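Welcome! Open your viewer, get your selection tool ready, and let's take a short walk together.

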Amino acid sequence: QIKYKDKTGSLQQASLDKVTNLGDGMFIWAVKDGGIRVHSKNGISVEFREDYILVWLPESLSREAHGICGTYTSHKRDDLVSRNTGRTTDDLTDFFDSWKDGECRENNIHSK
């Protein structure tokens, strides 16, 4: 089981055998090997793992995505577009830095 906080801040548990309805078309459940997945009514799913995050978008959002998840055009060459310049870059540090906002602070980013 995986623990998470609901909208009210109460600690809840998600389990492999149970999908929990969070309301407003949102669902949460634990996935094999210790992750947790959240699915929204618009078809977006996000799976949180210890070392990474997976994001699934419905095909209806093709060409609508941007940012650190890429552009969803099936062309890898346009996935690393800098927010600052609007051009592709090979420098991953510059790419990620360009998409930071006021909530993302250097001390909140942890890597192994």
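**Stop 1: confidence.** Keep in mind that this is a predicted model. Colour the protein by pLDDT: the mean is 79, and 87% of the residues reach 70 or more. Now select residues 107-112, where the pLDDT is below 50. Beyond near neighbours in sequence, that stretch has five contacts in the model. For the highest mean confidence, go to strand β6 (residues 45-48), at 89. Strand β1 (residues 2-5) has the lowest, with a mean of 70.

**Stop 2: the core.** Select Tyr4, Ala14, Ile28, Ala30, Ile36 and Val38 to see the largest nonpolar core. Strands β4 (26-31) and β5 (35-39) each give two or more residues to this core.

**Stop 3: a network of charges.** Which residues are linked in a network of salt bridges? Select Arg37, Glu47 and Arg49 to see them. Glu47 meets Arg37 at 2.4 Å, N to O. Because Glu47 lies in strand β6 and Arg37 in strand β5, this pair ties together parts that are 10 residues apart in sequence. Glu47 also meets Arg49, at 2.7 Å. Is Glu47 buried or exposed? Glu47 is buried, with a relative accessible area of 2%, while Arg37 is partly exposed at 22%.

**Stop 4: another salt bridge.** Select Asp97 and Lys100, whose closest N and O atoms are 3.2 Å apart. The structure holds three salt bridges.

**Stop 5: the surface.** Finally, select Phe48, Ile53 and Val55, a nonpolar surface patch with about 260 Å² of accessible area together. Ile53, in strand β7 (residues 53-56), is exposed, with a relative accessible area of 52%.

Terms used: Residues numbered from 1 in each chain as written. Predicted model: local features only at pLDDT ≥ 70, side-chain atom pairs only at ≥ 80, totals over all residues. Heavy atoms only, no water. pLDDT = per-residue confidence, 0-100. Helix = DSSP H or I, 4+ residues; strand = E, 2+ residues; numbered from the N terminus. Contact = heavy atoms within 4.5 Å. Patch = residues over 30% accessible without salt bridge, like charges linked within 9 Å, V, L, I, M, F, W, Y side chains within 5 Å. Areas by Shrake-Rupley, 256 points an atom, 1.4 Å probe, with all protein chains shown as cover. Salt bridge = Lys/Arg side-chain N within 4 Å of Asp/Glu carboxyl O. Buried < 20%, exposed > 50% of the residue type's maximum accessible area, 1.4 Å probe, protein only. Core = buried A, V, L, I, M, F, W, Y, C linked by side-chain atoms within 4.5 Å.
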